[in-house]
Amino acid sequence: MRRPPRDTDLSTRRIGRRALVLGGAQLAFAGLLGWRMRQMQVEQSEEYRMLAEENRINMRLLPPARGLIFDRNGSPIAINDQNYRVVIVREDAGNVEEVLQELGRLIPLTEEDIERTLRETRRRSSFVPVTVADRLSWDDLARVAVNAPALPGVRPEVGLSRAYPLGSDFAHVVGYVGPVSDYDLSKLQDPDPLLQIPKFQIGKSGIEAKEEMVLRGRAGNSQIEVNAVGRVMRELSRTEGTAGRNLQLTIDETLQNYVQARLDGESAAVVVTDVRNGDLLAVASSPTFDPNKFVRGISGADYRLLTENKFRPLANKSVQGVYPPGSTFKMVTALAALEAGVVSPEDTVWCPGYLSAGSRRFHCWKRGGHGHMNLHQSLQQSCDVYYYEAAQRVGIDKISEMARKLGMGTRFDIPMSAVAEGLTPTRDWKATRRGADWVIGDTLNASIGQGFVLASPLQLSVMTARLASGNAIAPRLIRAVDGVEEPVRLEGPLDINPYHLRAVQRAMFAVSNSNRGTAYRSRINDETLQMAGKTGTSQVRNITAAERRRGVFRNEDLPWERRDHALFVGFAPYNDPKVAVSVVVEHGGGGSTAAAPIARDVILRTLHGDLPPLEAYPAGQRERIEQEQRALPLRDRKPVETVSSRA
């Protein structure tokens, strides 16, 4: 039965309308898709190309070579050694333990090394290299390289690591480097991306730390192609970093070695300064330590040996240690009194062995007293009463002002760790810091370098250089950076009457060259190199009235830590000063017996450039000096001419 034509036409019209709507929608969608494809492929093509490139290429930082450090004559002090190491990649090795056992037949590997490597490989991704052993010899590395086909996943590598070829001689000056720690990063607001590199080394102390930005250099980069899981496929490009700048120090490494050897067995410090320009020629602290152990990772046992040593080998006594300067401070008191006009070089003071001030007696080191003393005699024989009297006349503020003029109480700008400021006290200082009034006893104690006065061996050496030259020299430790000379800081002549300065210099000469001088036994026999100086002994304990009545204990009868510090400052040659030296021997007893002989030896070694000739010593001391020279633990010791060979 056929449907009416009307119904068929109506259905056809409905289907056609639906198809038209559907076709239009499809056409619109296709157009939108085409537009979007055009936008992505043409208009935004560069953006998506960069995103794809970032997914395919990784950038890696390349650590730069650290700047080198040399002494004043070009001898290397801090270098970068090639570090031969072996790494293993787990996914290439297969059975890691079996490969490590095979590797252990070629290079020295302990069971601990193998266990550590296995733990590391299990903890890290299979394609990440793990260090099996480092600091290998060239022979060890060569054996691994030759046998590489039989050691799947094992790869020999060469890197750089800091090394200190002179060992302990420069430990306190140059310091050492070590891996970046979380503490290091916490101190920086915007840390260098280099510091994120595992085991990247930065300066931890000394010049290595203070000149870190100069020595570090700038990173290079490497473009590497990686697959979808981040495995390295190949290196596409490489830009090497900029090496750190090289430093040349003012220190002479052979002199430094001699000074360290001369201090062997002592808890002491020596600073040698060039009087003419302030160059630090030697800065020694004893005992010392091997900085290479810190670079490689010091063991707990070795670290305990350092921290539990009562001589404190980790402390830099030369710039960090502060001590009562004792009688080496008397030149300060003398010049303050002379400049203030309260005494003249010819004025005398009577020394009965003490000075009474209020209800107290302030004793001279010589119990029976020195009698009448003028400036020259008081320095020559180190009479305390003379300086008590001078200090009462001039006052503490003038004394402290003179001390600062000579370099005391100053934190010098040199790149070493924990450079001390010392202390030159005043009335205001005591009121502010101690909440107490200044009393006359404070002034008398300060006049002989006791009480609140504190100075470092560096400050004492600078003081002596200024006394010798009459100029306000400042210490310099960096001589040049990448061959460019650093400026010498000379602040001009001291504002001190030359007549007064000359009077003090003559008295210091008498200390070492007059038979009544406290350092006469440490005189220099060569008239062209004669030394001027001043001994000092600083107490570390109070001597009670009861002890004075029954007799003061001798230093050698006391425990080491209760003995007096021994000090000496000096310069030479007297008629043409070139070098100034300060010596502090902790708990060494008397400055004339413990510190002055060291100073004489160091001055002679500095001026001669080699072991001091025996002729420079008094004839009666030469055999002993010869034996001492032979016993010195020097690196390169030349034969010493014997007394018998000259007879």
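R312 counts as partly exposed, at 38% relative accessibility. Partly exposed is the range between buried, which is under 20% relative accessible area, and exposed, which is over 50%, with a 1.4 Å probe and protein chains only. This is a predicted model, where local features need pLDDT of at least 70 and side-chain atom pairs count only at pLDDT 80 or more, while totals for chains, interfaces and linings use all residues. Residues are numbered from 1 along each chain as its sequence is written, and side-chain values use heavy atoms, with hydrogens and water left out.

Back to R312. R312 forms a salt bridge with E586, and the closest N and O atoms are 2.4 Å apart. The pair links distant parts of the chain, 274 residues apart: R312 sits in the loop between α13 (300-307) and α14 (330-340), and E586 in the loop between β23 (579-585) and α23 (591-608). Helices here are DSSP runs of H or I with at least four residues, strands are runs of E with at least two, and both are numbered from the N terminus. A salt bridge means a side-chain nitrogen of Lys or Arg within 4 Å of a carboxyl oxygen of Asp or Glu. Is E586 buried or exposed? E586 counts as buried, at 6% relative accessibility.

A second pair is K330 and D384, whose side chains meet in a salt bridge at 2.7 Å, N to O. This one also links distant parts of the chain, from K330 in helix α14 to D384 in helix α16, 54 residues apart. K330 is buried at a relative accessible area of 0%, and D384 is buried at 7%.

Now the helix that holds D384. Why is α16 largely enclosed by the rest of the structure? Because eight of the eleven residues of α16 (residues 384-394) are buried. Among them are Y386, Y387, Y388 and V394. After α16 comes G395, with a positive phi near 90°.

For contrast, take K578 and D576, whose salt bridge spans 2.8 Å, N to O. K578 is partly exposed at 28% relative accessibility, and D576 is partly exposed at 43%. The whole structure has 24 salt bridges. Some are joined up: R66, R162, D192, E208, E212 and R216 form a network.

Next, the nonpolar residues. In soluble globular proteins, nonpolar side chains tend to be buried together. The largest nonpolar core here has 98 residues, and I69 and V173 are among those with the most contacts inside it. A core is a set of buried Ala, Val, Leu, Ile, Met, Phe, Trp, Tyr and Cys residues joined through side-chain atoms within 4.5 Å. A second, separate core has 38 residues, including L255 and F568.

I69 also brings us to the strands. Strand β2 (residues 69-70) pairs with strand β3 (residues 76-88) in the antiparallel sense over two bridges; strands count as paired if DSSP finds at least two bridges between them. I69 stands opposite A78 in β3. The hairpin of β2 and β3 has five residues between the strands, and G74 takes a positive phi near 95° there. V86 stands opposite P156 in β5, and V87 has T131 in β4 as its bridge partner.

That is my part; questions, please.
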